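Subject: A structure for you to look at

Hi,

I am passing a structure on to you, with the sequence alongside. Please open it first, and then read my notes below.

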Amino acid sequence: MDDWIKESLLGILLLIVGGFLIYYWLGETILVIKGLIGLVILILGILVLWIGYEDIKLNKELKEVQKEFSEENKQEQNQDNQNKQ
């Protein structure tokens, strides 16, 4: 038999067995899903908090770089004005 036929039959068998086991342990399956919902929300909360913290740090660094850039531009303009005179 070809490999894809074996893989397809194995996939169908696993789907049937998995579906039967979920049906057989439906109460436990629902309990696990309920537990996972809280865990997923907790992980998403941590992720959003971390992204917000990184955003604050990046904005602070960006302001510092902009300040340095504007100071350099002022110095260059002053030098240009002095050279023109």
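Let me start with the surface. V32, L36, L39, V40, L42, I43, L44, I46, L47, W50 and I51 make a nonpolar surface patch of about 1,100 Å². For such a patch, residues need over 30% relative accessible area and no salt bridge; nonpolar side chains (Val, Leu, Ile, Met, Phe, Trp, Tyr) are joined within 5 Å, and like charges within 9 Å. Accessible areas come from the Shrake-Rupley method with a 1.4 Å probe, and for residues only the protein chains shown count as cover.

Before going further, a word on the source: this is a predicted model, where local features need pLDDT of at least 70, side-chain atom pairs count only at pLDDT 80 or more, and totals for chains, interfaces and linings use all residues. Residues are numbered from 1 along each chain as its sequence is written, and side-chain values use heavy atoms, with hydrogens and water left out.

(Helices are DSSP runs of H or I with at least four residues, strands are runs of E with at least two, and both are numbered from the N terminus.) V40 is partly exposed at a relative accessible area of 45%, and L44 is partly exposed at 46%. Here, buried means under 20% relative accessible area, exposed over 50%, and partly exposed in between (1.4 Å probe, protein chains only). From V40 to E28 there are 12 residues in sequence and 18 Å in space, C-alpha to C-alpha.

There is also a negative surface patch, formed by E61, E64, E68, E71, E72, E76 and D80. Asp and Glu count as negative and Lys and Arg as positive, while His and the chain ends are not counted. The place of a charge is taken as CG of Asp, CD of Glu, NZ of Lys or CZ of Arg. D80 sits in helix 2, which covers residues 26–84, and is partly exposed with a relative accessible area of 42%.

How many salt bridges does the structure hold? There is one, and it joins the side chains of K57 and E54 at 3.7 Å, N to O. The term asks for a side-chain nitrogen of Lys or Arg within 4 Å of a carboxyl oxygen of Asp or Glu. K57 and E54 are three residues apart in helix 2, so about one helical turn separates them. K57 is partly exposed at 34%, and E54 is partly exposed at 26%.

Finally, the aromatic rings. The count comes to two aromatic pairs. The ring centres of F20 and Y24 are 6.0 Å apart with the planes at 20°, so this pair is stacked. (Rings of Phe, Tyr and Trp, the last by its six-membered ring, pair if their centres lie within 6.5 Å; planes under 30 degrees apart count as stacked, over 60 as edge-to-face and the rest as tilted.) F20 and Y24 are four residues apart in helix 1 (residues 3–24), about one helical turn. Y24 and W25 form an edge-to-face pair, 5.2 Å centre to centre with 75° between the planes.

Best wishes
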